[in-house]
Amino acid sequence: MSNFKRRDVLKAGAATAAVGPMIWVKDASAQWSNQPEKGAKLRVLRWSQFVQGDIDQYLANVKKFQDKYDVEVRVDRELWNDVTPKAAVAANTGAGPDIILSTNDDANLYPEKLVDVTDLCTYLGKKYGGFYPVCDPYLRPDGKKWIGVPLGVAGVCMVYRISHIKAAGFDTFPRDTDGFMKLCKALKDKGTPPGFALGHATGDANTWVQPLMWGFGGKVVDTSNKVVLDSPETLRALEFVKELYPTFVPGTLSWLDPNNNKAFLDGQISLTNNGISIYYAAKTSKDPKIAEMAADINHANMPIGPIGKPSEFQLFFNQMIFKYTKYPKAAKEFLRFMMEEEQMNPWVQAAIGYVTPALTAYEKHPIWTSDPKHTPYRDSMRNMWPSGYSGKMGYASAGTLADFVVVDMFAEAASGQRSPKEALERGQKRAERYYKV
Amino acid sequence: MSNRTGLARALDNRNVLGLLFLLPAAVLLLLFLTYPLGLGTYLGFTDAKIGRPGEWVGLENYEFLFGDSVARLSLFNTLFYTVVASVLKFVLGLWLALLLNKHLPFKAMLRAIVLLPYIVPTALSAIAFWWIFDSQFSIISWTLMKLGLIDRYIDFLGDPWNARLSTIAANVWRGVPFVAICLLAGLQTISPSFYEAASLDGASPWQQFRYVTLPLLTPIIAVVMTFSVLFTFTDFQLIYVLTRGGPLNATHLMATLSFQRAISGGALGEGAALATAMVPFLLAAILFSYFGLQRRAWQQGGRD
């Protein structure tokens, strides 16, 4: 990676793209010219890191920016669930950080409060192979105007113990939901059960139940935001999870986001869905027993349902500039600087694959191949479907997600609190309340 | 000159001066209490979303919430949580206060220790309970397993009723010290001569408690339990850390659901309506303690 670090950075405010050898061919028409305001100061609020390398490199990049542009940047951090309300308050009151790095469909709640960054996104897209199409519903809702700069996703994959799935009779991880069911049953029989969160775990619960629902052809709304959850397809997904649930380790109904990490690293479960953090935690653990486990951990993309193509759901990261900022140009320059490969490459490297960038060029980043166990996370953006598929994002989709309508529906059906049919009808009713407006 | 004398004369007026001295407190109250409360109530009648001012929609939010099974469940959860936790806190707190009022060795230290749960920040103690109730790492389950009393870990937070009782246990643990210490303070205001007189009359310990302690303690009990009920009814942090309202919304209190709807979900108006819906219950609790428990006749051992 040293060649990236050594590479010269752009000259201040230069109207040209970076020079020097690229790891990909870029569009020569990518043009950028911008001059930060004199004496600009920026406040950035972002989600606090999941892996230490992320924040260390991020702050190093920030320092580079400060030194180069003489713009003071203060970076505040909050747990990612807490950034959403803070960003909302900032939007509501018209005061707060100039730039907020937040999650999921936040930008769609207050698009008119955000600085138009179409020029920046066009430039970045041209230079780095374009943003993945899934970024559009999140940050270019009308297909033309960008209201934020996509950063990437915290990819979620299947995390499993190699020796345990071997013992269960599987040499490779199954690609489809049928094989996945067989694997879970075999793992349970071998006494090495899987475990998937069914509590109010915003990340870990949604990222496995939504892909299953979509994989069976179910969805909350159609393209005109009409609730179509109550369908034979969703019902099949619910019946699938009902059959799957008895294979889980006990207690998953109570699981919040951290539970599966703890249970996996303790050896109590052999399979779960998670970001790369479990593997990373094992690899860097000071406990020799856990460090040894790292060699036995591998990842696979989420199983494909009967629809025959990937339908993953990931935690999406956006970067928003608020209109109340006094320094919109400096803010844009900051985001551009951070997204340029000179900064992005070492950052992606330091985040050890936790963040899958939103620009397709980064598929070629060495992080994805330097360790073959990283590779599935490379495709997290490509395989991903947008929140509130297949409708438009906004208050209804955010509300449905925040109120755990889909998660609760699956949890009810799985635990036998309600029959799949009843859970489905209730889910439909709850979703309709949000999409009514 | 005449202006100055006018001002000086006004300042000499007791009423004017009184109002003037009242002003800072009144401004603080208006600014930090009345205004947010009024704004919250107003928002409850609008369809305000985060980042978008709302329009007046009248009672629509309340109609919506009334028809919402999750909101109704949260009302039930809140009442159940408040009633059970408050009763337990009262009984345990009173018991603890009576014990601490006796002449024990290391009395001062014991009293300090009793206060500990109350001193620890809620979020921290909630995290401790989160580990205690963990489905995989629970110390309680582990101990019982090692003792051979159970053959699988207890699903403290994964089963709706277990989760309700577990969160109540955590709330009681945290709330008992407040009740105990306040009641202890109350007990110490009761003059020993009452007990002397009672024992001379041949009153049993139970009779002493029933006819001396309890009536004299009632004013304190009324105040302490009012606060205790208010705190419990509006509890947020404990639930937010332990379950986020799960499993299956079984532990969602009105406060947590209100936050989830208003802030995470962006439906500011609906969340405000849900929060406002808590006010009548809180007022009822205050009025009950005011008119019910503060009656002098009852406090003096008589009947109405």
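Let me start with the core. The largest nonpolar core here has 200 residues. A nonpolar core means buried Ala, Val, Leu, Ile, Met, Phe, Trp, Tyr and Cys residues joined through C-beta atoms within 7 Å. Buried means 20 or more other C-beta atoms within 10 Å of the residue's own; 12 or fewer is exposed, in between is partly exposed, and C-beta atoms are placed from the backbone. Leu42(A), Leu198(A), Phe334(A) and Phe410(A) have the most contacts inside this core. Its largest share, nine residues, comes from helix H8 of chain B, residues 160–188.

A word on the model. It is predicted: local features need pLDDT of at least 70, side-chain atom pairs count only at pLDDT 80 or more, and totals for chains, interfaces and linings use all residues. Residues are numbered from 1 along each chain as its sequence is written, and chains are lettered from A and ligands numbered from 1 in the order in which they are written.

Now chain A overall. Its secondary structure comes to 19 helices and nine strands. These are DSSP runs, numbered from the N terminus: helices are H or I with at least four residues, strands are E with at least two. Of its 437 residues, 56% count as buried. The C-alpha atoms fill a box of roughly 65 × 55 × 35 Å along the principal axes. The radius of gyration of chain A is 22 Å, which agrees with the value near 22 Å for a compact globule of 437 residues. That radius is taken over C-alpha atoms, and the globule rule is 2.2 Å times the number of residues to the power 0.38. Contacts next. Two residues are in contact if their C-beta atoms, placed from the backbone, lie within 7 Å. Among contacts in chain A with a separation of 6 or more, 75% join residues 24 or more positions apart.

Look at helix H8 of chain A, residues 206–215. How many of its ten residues are buried? Ten of the ten. Among them are Trp208(A), Val209(A), Leu212(A), Met213(A) and Trp214(A). What do they pack against? In chain A, helix H7 (177–189), helix H9 (232–244), strand E6 (271–274), helix H17 (395–402) and helix H18 (405–415). Phe410(A) touches Val209(A), along with Leu198(A), Leu238(A) and Val241(A), leaving aside residues up to four places away in sequence. After H8(A) comes Gly217(A), with a positive phi near 95 degrees.

On to the interface. 30 residues of chain A are in contact with 29 residues of chain B. On the chain A side, helix H3 (80–93), helix H10 (259–265), H17 and H18 each supply at least two residues. H3(A) gives the most, with five. The chain A side divides into 13 nonpolar, ten polar and seven charged residues. Here Ala, Val, Leu, Ile, Met, Phe, Trp, Tyr, Cys and Pro count as nonpolar, Asp, Glu, Lys and Arg as charged, and the others, Gly among them, as polar.

One residue in chain B touches across. Arg261(B) sits in helix H12 of chain B, residues 254–264. It touches Asp403(A), and also Ala267(B), Glu270(B), Gly271(B) and Leu274(B), not counting residues up to four places away in sequence. Is Arg261(B) buried or exposed? Buried, because it has 28 C-beta neighbours inside 10 Å.

Next, a helix pair in chain B. H2(B), residues 14–43, packs on H13(B), residues 268–276, at about 115 degrees, with axes 7 Å apart. Axes are lines fitted to C-alpha atoms over the stretch in contact, and angles run from 0 to 180 degrees between N-to-C directions. H2(B) contributes Gly40(B), Thr41(B) and Leu43(B); H13(B) contributes Leu268(B), Gly269(B), Ala272(B), Ala275(B) and Thr276(B). That contact has four nonpolar, four polar and no charged residues.

Most residues other than glycine have a negative phi, and most peptide bonds are trans. Which peptide bond is cis in chain A, with omega near -5 degrees? Tyr389(A) to Ser390(A). Ser390(A) lies in the loop between helix H16 (375–378) and H17 of chain A. In chain B, Gly246(B) to Pro247(B) is cis, with omega near -10 degrees. Pro247(B) is in the loop between helix H11 (237–242) and H12 of chain B. Arg244(B) is in the loop between H11 and H12 of chain B too. Its phi is positive, about 55 degrees. Arg244(B) counts as buried, with 23 C-beta neighbours inside 10 Å. Asn225(A) also has a positive phi, near 60 degrees. Asn225(A) is in the loop between H8 and H9 of chain A, and is partly exposed, with 19 other C-beta atoms within 10 Å.
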